[in-house]
Amino acid sequence: MAIETTSWRRVTPTQAGIPPFSVFTKQIQKSPQDDRDYRIIELENGLKAVLIHDGKADKAAASLDVAVGHLSDPDDMPGLAHFCEHLLFMGTEQFPKENEYQEYLSKNNGGSNAYTGASNTNYYFSVATSALPGALARFSGFFHSPLFSPSCTSRELNAVDSEHKKNHQQDLWRIFQLTKHLSKPGHVWSKFGSGNRESLSQAAKDLKAKGKLPLENGNSTSASTLSVNSSPISSRIASPAPSVSSTNSEAEADGGAIGRETRRRVVEWWGQEYCASRMHLAVLGKESLDDLAELASKFFSPIPNRQVDPLPMIYDHPFGPSQKGTLLSVQTIMTFHAVDIYIPIEYQAPYWRHKPGQFLAHLIGHEGPGSVYSYLKSKGWVTGLSSSPSPLGRGFDTFRITIELTKDGFKNYRSVILTVFKYFSLLRSRDFDAYHQRESAILSDIRFRFLEKRKPDQYVSNIAERMKNPYPPELLLAASSVTWEWGDEYPGASTAGKETVDEMLKRFKLENGMIVLMAKAEELEAVLGLSKQDVWEKEPWYGTQYRFERFDEDFLRQTSAPNDLNELFLPGVNEFIPTNLNVDKGDHIEPVKRPRLIRETPLSTLWHKKDDRFFVPKAHVLIDLRSPVSNYSARSAVLTRLFTDLVTDSLEEFSYDAALARYNDKMPVLVQHVLDKVKTLQVRPDRMRVVIEQNKHNWENFFLGQSYQLSEYYGRYLMTQEQWTVDEYLKELPTISAEEISEHAKNILSDAKLRILVSGNVYKDEAIKIAEMAEAGLGASATSHSDLNDRALILPQGCNLIKIGTIPNPNQTNSSLTYYVHIGSVSDRRRRVVGALLTQILTEPAFNILRTREQLGYVVFCGYWTLSGASEKGIRIVVQSEKTPGYLESRVEAFLEEMKTNIEALTPEMFEEHKSSLDKKWREDEKNLAEEASVFASQINSGHLDFYRHITDANTLKNVTKDEVFSLFMSHVHPSSRTRSKLSVQMRAQNIKPKRVSAAASEAFEALVREAGVETVAGAWKESIPDEKPMVEDFQKYWSEVLANNERSEDLIESISRLVQAHPVEGEGQDPPRSDATYIGDMKQFRASLQPSEDLGIMVEWGDLPVSKF
């Protein structure tokens, strides 16, 4: 039965066991392009859900957004919301096995993720459409019956800690936390959101020190009273080839008294903050809307409504008087120069109709004539500028402008800042022309009208997150995308658009804002006029060094003065706004699955596909220009890079408006202009110097990135024929001239071959005109297409190769391992398919065992690796960890030994599940025009032209047997194989973490203590030190207190260091050399010893042209 109430109708399902819910009755406004059906419902517990029926879906998805994030962390436990997010994945009452959720998704062509924001936490997954009910059953338990298994506490504390350490040397994270740290006293924005082991354990340690731990004093809160039950079975299974770290008992893994108190706090917090009325759900599937509604009600109605504020708001801004009118100078890890301008603004969500913050961002971030960027670029001061309103927490926002500076711009940073504020004065002093805002409204309307589909998990995650915004429910889909013209109001809207913009601009003054100046320490000292004796403060969590000071009154007055720069003016009319949006759908015939070769000359091949699937007024033109002179040496590669960067640099003013529009109506004009610039570029020495500086910084900074990116880089370098090192590039930069770049460009253009793809809303004759434009003025290369293809280097059969390197950043604590085994040429269809299936079988266990169980580090992944030229494939496993890389390799090989047993034990049903998951993945359709063009381009650029590869591979997969998979695993992957080709790159960190005490060392020490006549209970120290392998310093401190009155105290404490040396923790210290491996020394010599891969050429002949002449 149904009960009508205003805009909501109550529904009581006829199926037993499904609770009632209410349905929103107004029609939801969607894009005319959108063929999906939508419904909004509200469950009895207050949870709201958007249901999306997509009859064409080949993948389902769901997301749940909780309206609490790290700003709701308890003051004494920074990172608790993030820690809770980690723990929810680790089993529920209905599905207690720790990796049940991930395993189910993996076997059904799915995946998942989550993130913790300032004011929300978002969980999402995708899965095969047929598996949606099972995925929802597993997913929903996170929110009504998670286990928070004690055995997971210590390991997930390690995971959060590893995630923090992964980010510790990243300037983005360091500066973000610093700006939070400098909030006005007591403001929640100052919290340390990501957390680490220290921040999450300190509260329990403090209670322990005071003897007030609840679980030690008879006033413990049981698990059942916290609405969380212990797992009826062990959630953790030890490896058949375990490391010491993977064999700890359940009791040890709970972290002792400190860990149990930490778990109690997170369970308590979850029970207070995770409330149904704070949750928003989005579910996309092939099921009807009625069926999706019943699934949502069945699985999510058990979530309790705890009668708390459903949408906690914080309207107090973190900028107080001490933060405004200030300069924050920050020492960076990487080499770059930048300035950020932060100005507090009103919370923008209520202004969804006219989006005043976005309107100002459009003007301030414009790159055309008259813009801030154009003026500063003409001075040689900037290389980039962006601006946007930034939501900080729910209730307070800031407007942020980021300016990337050249070295000269950094020296003139005050003039750069002054220019921005002069532009603000310009905006305050004049009325906007009607077209300024109307263009934004028109373009947003066109974008919404022709909105294309995207990956379903991304889509539902975005919808679930935006459901908390104050949109009318019927405008949920439109309100975030569409900007209405000023004067077009919605009943009850806050205010008209222009008035809000004017009010915002009144506050765009330096006296209300904060400037962040970023550079290396020595450069900051020089530009600020500091000496080595001047003191820098240090942020507590990342150790970022900074200075915080007020601007002088004279400079503040200058920034509020009227604009006197004639070079600054508002943008003109955008000539690229489309006037022709017609899309010819033609007859509704079966879509063509590939492009067709419609033109071939000695200079170019042209592939074309008129859009017959997505029907949007867009086009993609990809011109791949190849020349034998572009990459034949490190110097030529650098010259090519500088040339392309200078072309891009010269196009910025012209192309900015085109980038805003992005439609095929004016595509020929844009293509012609780009091609003319490529062919006629005049290399200006001043711009060349800027581009060289940019590349120098980028290449130097590469070595300061994530450790695993370095092992990946060297792995690829060792197996690529034409490849040069970053060091080689850097050596070439100082001697390059403008004349040499110009000459190099001429050589490329006179000795070229083009591979062109034109797809989208473009007809054949238009595509041919584009190809003719591209060819004009170019010279055809005599080099064959085959010789212009990239090639890999093939590892010798039966090799076990190791390359060892050192992480250049002295402060990086993470080492890394890239472990690669070669599978073979993609020309062997059956082997490439069996290899892909083997990768599918290995991927989820690799994550579960190496990351979740063994806690090696936050970054762990396994995948199929395509080598340069796309003709060769292999399987590679990547781990980033504080453990030594040699130890990581031993754990990878133990994992492969375990997988030997697991693959043998696969039942026919389990094997078919893996095949089905891979089959569904290969048969997935592209979701939009860009995805389709990318698939076509990969085949055209490789020269293979195997456009149906995924379908033919899926058909081949049907009769692949387990014996074939096991045979390939044993011959090409397993360490015992005498025929496998294996390469590992081990990158070792310089900043080795402090020594820890192993179980063997602690037991040996306790034996010495007992020999000294001291009564002690074995392992009693674990109740005071939560770590299973404590730091030497903490261990020594504990025993110094225990043995304070013992006459042998000093000798005993000194023995700890000796015992730690004698019984090291696995993965610490030096890696012993392996007698069964060959170590690579000189990389160039090694590469010279390898054979290049065979160029496979055209793998499928399509016969589109009558006769191929060239």
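Colleague: Which residues in α27 meet which residues in α29?

Modeller: In this predicted model, V833, A836, L837, Q840 and I841 are the α27 residues in contact. Their partners in α29 are F911, H914, K915, S917, L918 and W922. Sorted by class, the contact of α27 with α29 has 7 nonpolar, 3 polar and 1 charged residues.

Colleague: At roughly what angle do the axes of the two helices, α27 and α29, cross?

Modeller: The axes cross at roughly 110° and come within 10 Å. Helix α27 covers residues 829–853, and helix α29 covers residues 908–923. That makes α27 roughly perpendicular to α29.

Colleague: Is the crossing of α27 and α29 left-handed or right-handed?

Modeller: The crossing of α27 and α29 is right-handed.

Colleague: Let us turn to α1 and α4. How far apart are their axes, and at what angle do they pack?

Modeller: The axes of α1 (residues 80–88) and α4 (residues 150–167) are 10 Å apart, and the packing angle is about 125°. The two helices, α1 and α4, are therefore oblique to each other. Their crossing is right-handed.

Colleague: And what residues meet there, between α1 and α4?

Modeller: From α1, the residues are H82, F83, H86 and L87. From α4, they are C152, T153, E156, L157, A159, V160 and E163. By class, the contact of α1 with α4 comprises 6 nonpolar, 3 polar and 2 charged residues.

Colleague: A change of topic: what does the domain assignment give for this protein?

Modeller: The assignment gives domain 1 as 74–90 + 148–210 + 253–273 and domain 2 as 321–445 + 467–560. Domain 3 is 596–778, domain 4 is 794–992 + 1069–1092, and domain 5 is 999–1062.

Colleague: How far apart do the C-alpha centres of domain 2 and domain 5 lie?

Modeller: The C-alpha centres of domain 2 and domain 5 are 56 Å apart.

Colleague: Where does UniProt place the "Peptidase M16 C-terminal" domain?

Modeller: The unreviewed UniProt entry places this domain at residues 262–434. That span is 36% helix and 25% strand, with its end C-alpha atoms 58 Å apart.

Colleague: Which residues does UniProt list for "Peptidase M16 middle/third"?

Modeller: The unreviewed entry lists residues 448–662 and 663–732. Over residues 663–732, the chain is 73% helix and 0% strand, and the end C-alpha atoms lie 40 Å apart.

Colleague: What about the "Coenzyme PQQ synthesis protein F-like C-terminal lobe"?

Modeller: UniProt, again in an unreviewed entry, puts that domain at residues 837–934. The span is 61% helix and 18% strand, and its end C-alpha atoms are 23 Å apart.

Technical notes:
Residues numbered from 1 in each chain as written. Predicted model: local features only at pLDDT ≥ 70, side-chain atom pairs only at ≥ 80, totals over all residues. Heavy atoms only, no water. Axes fitted to C-alpha atoms, helices over the stretch in contact; angles between N-to-C directions. Helix = DSSP H or I, 4+ residues; strand = E, 2+ residues; numbered from the N terminus. Parallel < 35°, antiparallel > 145°, perpendicular 65-115°, else oblique. Left-handed = near helix turned anticlockwise from the far one by under 90°. Contact = heavy atoms within 4.5 Å. Nonpolar A, V, L, I, M, F, W, Y, C, P; charged D, E, K, R; others polar. UniProt positions renumbered as here; feature names shortened; annotations may be inferred. Domains from an automatic or database assignment.
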